[in-house]
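Thanks for coming. I will walk through a handful of local features, one after another, and then stop.

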Amino acid sequence: ATSLLVAKGMVEALRARGKLPGHLDEVYIGVLDTERDSASLYSHLVPFDTLVLEPPYSPSRYTAALRQLERVGYPIIILDQITHEWFGDGGVLQMVAQAKGSNDWAKWNGPSQEHDAFIDAVLNSPAHIIATMRSKTEYVLQDVEKNGRTVKAPVRIGMQAKQREGTEYEFTTLLDLEVGTNVATCMKDRTELFEVGGKIGR
């Protein structure tokens, strides 16, 4: 839902600048949905079209789906989510595990190049891309206010994006969503729209 709200704001900004294409009949967001069409649960937030991607989640299939959405001409494309491309059924790690080769280099060579081609396709897309990734989580004890007292309680926090190490830093802006509250912390930003370290409520 958060990515759709961000995309909604981007549509409004592009509309104000007269930068929206005229052939899309007021639907300016394309969603690549790898979550069993779960995006449809949020159709009340903003108009969007969905392309559902099912396994195998190979990088080349992600790239082909992205190209399909680009050909339609959506100015904003949401990739929800790209974790499957690395960890999912038919994703890079499974491709490597099933590869024939006498050594690790041979097994990684093809899948790694395919992954790099997918990331290049995302970074060079003519559309504004919002890519979501699951994160590895763990519980930490934090002080929580309860019945007028401060007590220690386990709180689930996100630790690292579930993708190839460092992939999240390829993007122009990186927002880390807090589990439960969806408060976003800006981890990186080259647009100067956000303050690094700043928190943004939904």
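Start with the contact at Gln81: a polar atom of the Gln81 side chain lies 2.7 Å from the backbone nitrogen of Thr83. Keep in mind throughout that this is a predicted model. Gln81 sits in the loop that runs between strand 3, residues 76-80, and helix 3, residues 83-87. Is Gln81 buried or exposed? Its relative accessible area is 2%, so Gln81 is buried.

What does Gln81 touch, not counting residues up to four places away in sequence? The list is Thr34, Glu35, Tyr62, Thr132, Met133 and Arg134. The peptide bond that joins Asp80 and Gln81 is cis, with omega at about 0 degrees.

There is another cis bond to point out. From Pro55 to Pro56 the peptide bond is cis, and omega is near 5 degrees. Pro56 belongs to the loop between strand 2 and helix 2, the helix being residues 59-72. As background, most peptide bonds are trans, and most residues other than glycine have a negative phi.

Asp25 has a phi near 55 degrees, which is positive in a residue other than glycine. Asp25 is in the loop between helix 1, residues 2-16, and strand 1. With a relative accessible area of 68%, over the 50% cut-off, Asp25 is exposed. Arg36 also has a positive phi, near 55 degrees, and Arg36 is not a glycine either. Its place is the loop between strand 1 and strand 2. Arg36 has 75% relative accessibility and therefore counts as exposed.

In that loop between strand 1 (29-33) and strand 2 (49-52) we also find Ser38. Ser38 has a relative accessible area of 22%, so it is partly exposed. The C-alpha atoms of Ser38 and Leu79 are separated by 13 Å, and these residues are 41 apart along the chain.

Which residues have the most contacts inside the largest nonpolar core? They are Ile29, Ile77 and Leu79, in a core of 34 residues. Elements that give two or more residues to this core are helix 1, strand 1, helix 2, strand 3, helix 5 (104-123) and strand 4 (128-132). Leaving aside neighbours within four places in sequence, Leu79 is in contact with Leu32, Leu66, Phe118, Val122, Ile129, Ile130, Ala131 and Thr132. In general terms, nonpolar side chains in soluble globular proteins tend to be buried together.

Some nonpolar side chains are at the surface here. Leu175, Leu193, Phe194 and Ile200 form a nonpolar surface patch, and together they have about 340 Å² of accessible area. One of them, Leu175, is found in strand 7, residues 173-177. At 33% relative accessibility, Leu175 counts as partly exposed.

Last topic, charges. How many salt bridges are there? The count comes to five, and I will show three of them. Side chains of opposite charge can pair when their charged atoms come close.

Arg134 forms a salt bridge with Glu35, and the closest N and O atoms are 3.0 Å apart. Arg134 is in the loop between strand 4 and strand 5 (135-146), and Glu35 is in the loop between strand 1 and strand 2, so the pair ties together parts that are 99 residues apart in sequence. Arg134 is partly exposed at 39%, whereas Glu35 is buried, with a relative accessible area of 16%.

Glu26 forms a salt bridge with Arg15, where the closest N and O atoms are 3.4 Å apart. Glu26 is in the loop between helix 1 and strand 1, Arg15 is in helix 1, and they are 11 residues apart. Glu26, at 48% relative accessibility, counts as partly exposed, and so does Arg15, at 43%.

The remaining pair I want to show is Glu70 with Arg67, a salt bridge whose closest N and O atoms are 3.0 Å apart. Both residues lie in helix 2, three residues apart, about one turn of the helix. Glu70 counts as buried at 16% relative accessibility, while Arg67 is partly exposed, with a relative accessible area of 34%.

That is the end of my tour.

Technical notes:
Residues are numbered from 1 along each chain as its sequence is written. This is a predicted model: local features need pLDDT of at least 70, side-chain atom pairs count only at pLDDT 80 or more; totals for chains, interfaces and linings use all residues. Side-chain values use heavy atoms; hydrogens and water are left out. Helices (H or I, at least four residues) and strands (E, at least two) are DSSP runs, numbered from the N terminus. Buried means under 20% relative accessible area, exposed over 50%, partly exposed in between (1.4 Å probe, protein chains only). A polar contact is a pair of N or O atoms within 3.5 Å; within protein, one must be able to donate a hydrogen and the other to accept it, and residues adjacent in sequence count only if both atoms are side-chain atoms. Contact means heavy atoms within 4.5 Å. Patches are made of residues with over 30% relative accessible area and no salt bridge: like charges are joined within 9 Å, nonpolar side chains (Val, Leu, Ile, Met, Phe, Trp, Tyr) within 5 Å. Accessible areas come from the Shrake-Rupley method with a 1.4 Å probe; for residues, only the protein chains shown count as cover. A salt bridge is a side-chain nitrogen of Lys or Arg within 4 Å of a carboxyl oxygen of Asp or Glu. A nonpolar core is a set of buried Ala, Val, Leu, Ile, Met, Phe, Trp, Tyr and Cys residues joined through side-chain atoms within 4.5 Å.
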